[in-house]
Amino acid sequence: MDNNYQQQNGMERELGWDDTIQQEQEYITLPAGDYDFRVERFERGRYEGGKKIPPCNQANLTIVIVDPASGRDVKIQHNLLLHSKLETMLSEFFRGIGQKKKDEPLRMNWQMVPGATGRCKVVPEEYNGNMYNKIKKFYPKDEVQQSFNQAPQYNPGQCQSRS
């Protein structure tokens, strides 16, 4: 199959040492605000441990938010550590995608995570002189839906920043 055909049809392939490259990507830093999101991907990982948290399982998530200015997808890597010290953060995430109900126990269902949607707070954060998008909070899906039903400016088909 011709390499140009593969590239035009979105098929990934290995590049040769002498291939011509063209695609570039501009990193988009979102303004601080609340955004609709979709979980594009979930991978199981392992956290090697640090000063505050010992080694434990780690959920590596790829979160997609549509940039309201350009309409382009912005991908944010977000990791969740599966440790009892951070159980509240896990609960916040699962409430954010609608799997967990307030004050009820939940057996985490990771198979249902890819494709899940919700709303989160994003802030730009500087690290080593570069700006990154960081998710600071996931909003409970049941509470967000109720408040948006009362807000006429909300358009569920489009991700928009709200201040």
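Trainee: Quick one to start: is E43 buried, partly exposed or exposed?
Mentor: E43 is partly exposed, because its relative accessibility is 35%. The cut-offs are under 20% relative accessible area for buried and over 50% for exposed, with partly exposed in between, using a 1.4 Å probe and protein chains only.

Trainee: What kind of model and numbering am I looking at?
Mentor: It's a predicted model, where local features need pLDDT of at least 70 and side-chain atom pairs count only at pLDDT 80 or more, while totals for chains, interfaces and linings use all residues. Residues are numbered from 1 along each chain as its sequence is written, and side-chain values use heavy atoms, with hydrogens and water left out.

Trainee: Back to E43. Which side chain does E43 meet in a salt bridge?
Mentor: R41, at 2.4 Å from N to O. A salt bridge here is a side-chain nitrogen of Lys or Arg within 4 Å of a carboxyl oxygen of Asp or Glu. R41 counts as partly exposed too, at 43% relative accessibility.

Trainee: How many salt bridges does that rule give?
Mentor: The count is 9. One of them pairs K75 with E40, where the closest N and O atoms are 3.1 Å apart. K75 sits in strand β3 (residues 73-82) and E40 in strand β1, so this pair ties together parts that are 35 residues apart in sequence. The strands are DSSP runs of E with at least two residues, helices are runs of H or I with at least four, and both are numbered from the N terminus.

Trainee: And how open are those two, K75 and E40?
Mentor: K75 is partly exposed at 45%, and E40 is partly exposed at 31%.

Trainee: What does E125 form a salt bridge with?
Mentor: K134, with the closest N and O atoms 3.7 Å apart. E125 has a relative accessible area of 33%, and K134 comes out at 33% relative accessibility. Elsewhere, salt bridges with shared partners join R95, D142 and E143 into one network.

Trainee: Changing topic: what's the strand order in the open sheet?
Mentor: It runs β3-β2-β1-β4-β5, 5 strands with antiparallel pairing. The edges are β3 and β5 (130-138), each pairing on one side only. From one strand to the next, the twist averages 40°; the angles run from 0 to 180 degrees between N-to-C directions, with axes as lines fitted to C-alpha atoms (for helices over the stretch in contact).

Trainee: Which residue in β4 stands opposite D34?
Mentor: K121. The side chains of D34 and K121 also make a polar contact at 3.3 Å. That term means a pair of N or O atoms within 3.5 Å; within protein, one must be able to donate a hydrogen and the other to accept it, and residues adjacent in sequence count only if both atoms are side-chain atoms. D34 is in strand β1 (residues 33-47) and is buried, because its relative accessibility is 16%.

Trainee: What about cysteines, how many disulfides?
Mentor: 0, counting cysteine sulfur atoms within 2.5 Å as a disulfide. Both C56 at 5% and C120 at 0% are buried.

Trainee: What's the story with K100 and its nearest side chain of opposite charge?
Mentor: K100 is buried yet has no salt bridge, and D103 is that nearest side chain, 6.4 Å away. Lys and Arg count as positive and Asp and Glu as negative, leaving out His and the chain ends. A polar atom of the K100 side chain lies 2.6 Å from the backbone oxygen of E104. K100 belongs to the loop between α2 (87-96) and β4.

Trainee: Is the phi of D103 positive or negative?
Mentor: Positive, about 60°, although D103 isn't a glycine. Most residues other than glycine have a negative phi. D103 is exposed at 70%.

Trainee: Where is N128 found?
Mentor: In the loop between β4 and β5. That hairpin has 2 residues between the strands, and N128 takes a positive phi near 55° there. N128 is exposed at 65%.

Conventions: Two strands pair if DSSP finds at least two bridges between them.
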